[in-house]
Amino acid sequence: MEFRHLRYFIAVAEALSFTKAAAKLRLAQPSLTRQVRNLEDEIGVRLLDRATNRVTLTEEGRRFLFDSKKLLAICAESVAAVQRMNHGESSSLNIGYVANVHYKLLPATLGAFRKLCPDVALNLFDMTSDEQFQALDAHKIDLGFVGLRPAFSNHELLSEGVAHDTMLVALSERHPLAKKAKLKLSGPCATVLRRHVCADPSRSAGMAPGDLSGRRIQRKDFAGS
């Protein structure tokens with residue numbers, strides 16, 4: 001797989017048309033169709049549903065589109081960063097972020113920053129919230145889009161809310177918090193998130209895969225420094 005395959009797929013996925021994508025890329029449509037088909041064959045996943053008059057994304061295709069855009073953006077920024085270093089431009093900003101959380105906020109923020117400070121190299125690091133807190137304390141990153149209010153950190157950090165979001169917490173029906181209609185990101189709920197977020201719920205003590213109760217909670221996304 002090469003980066004051009006990702007660019008070809010992104011063009012088709014955004015246009016939902018091989019004809020329009022081929023015109024945008026200035027490629028022959030049969031060649032573009034073949035390249036996208038080769039990509040699907042290589043990864044063993046069908047990314048597009050092809051009908052007579054339309055093209056749609058599969059569920060896997062929607063996920064692959066998001067990840068492909070993110071990968072190309074990171075690669076472009078990495079190339080720009082080393083080019084600036086080669087030209088003697090040493091200013092840089094190390095930024096941590098939580099994958100799949102700030103997929104709309106982060107690109108817009110970085111794009112605006114790039115216009116204001118084109119000479120500053122942006123280095124992005126995919127990290128969990130806890131990893132960002134540790135990296136901030138150790139001065140390994142300058143800014144972190146941590147996703148959660150830094151209540152878990154025992155150190156002094158400046159933070160500011162930059163967005164609101166809604167998330168779902170899955171608990172065993174026997175868990176005391178499962179009786180509550182709403183949860184807050186503090187107290188016992190914070191402990192649950194600390195212990196079980198990104199963990200396999202079926203392996204939690206006394207919890208079976210079909211024994212989950214969902215509760216929605218409000219989350220305020222924070223940027224810390």
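## A walk through a predicted chain

Arginine 26 sits in the loop between α2 and α3 (29–43). This is a predicted model, in which local features need pLDDT of at least 70, side-chain atom pairs count only at pLDDT 80 or more, and totals for chains, interfaces and linings use all residues. Residues are numbered from 1 along each chain as its sequence is written, and side-chain values use heavy atoms, with hydrogens and water left out.

Let us start with the overall layout. The chain has seven helices and seven strands; helices (H or I, at least four residues) and strands (E, at least two) are DSSP runs, numbered from the N terminus. Along the sequence they follow the pattern α-α-α-β-β-α-β-α-β-α-β-β-α-β. Of the 225 residues, 34% count as buried, where buried means under 20% relative accessible area, exposed over 50%, and partly exposed in between (1.4 Å probe, protein chains only). Among contacts (heavy atoms within 4.5 Å) with a separation of 6 or more, 69% join residues 24 or more positions apart.

Now back to the loops.

Next, look at the start of the chain. The axes of helix α1 (residues 3–15) and helix α2 (residues 18–25) come within 8 Å and cross at roughly 130°. Therefore α1 is oblique to α2; angles under 35 degrees count as roughly parallel, over 145 as roughly antiparallel, 65 to 115 as roughly perpendicular and the rest as oblique. Axes are lines fitted to C-alpha atoms, for helices over the stretch in contact, and angles run from 0 to 180 degrees between N-to-C directions. Where do the two helices touch? Tyr8, Ala11, Val12, Glu14 and Ala15 in α1 meet Phe18, Lys20, Ala21, Lys24 and Leu25 in α2. By class, this contact has seven nonpolar, no polar and three charged residues.

Finally, helix α4 (residues 59–86) has 28 residues, which at 1.5 Å a residue should span 40 Å, and its end C-alpha atoms are 41 Å apart, which agrees. The expected span is 1.5 Å times one less than the number of residues. Its buried residues are Gly61, Phe64, Leu65, Ser68, Leu72, Glu77, Ala81 and Arg84. These buried residues of α4 pack against α1, α3, β2 (55–57), α5 (105–116) and β4 (121–126).

Key
Ala, Val, Leu, Ile, Met, Phe, Trp, Tyr, Cys and Pro count as nonpolar, Asp, Glu, Lys and Arg as charged, and the others, Gly among them, as polar.
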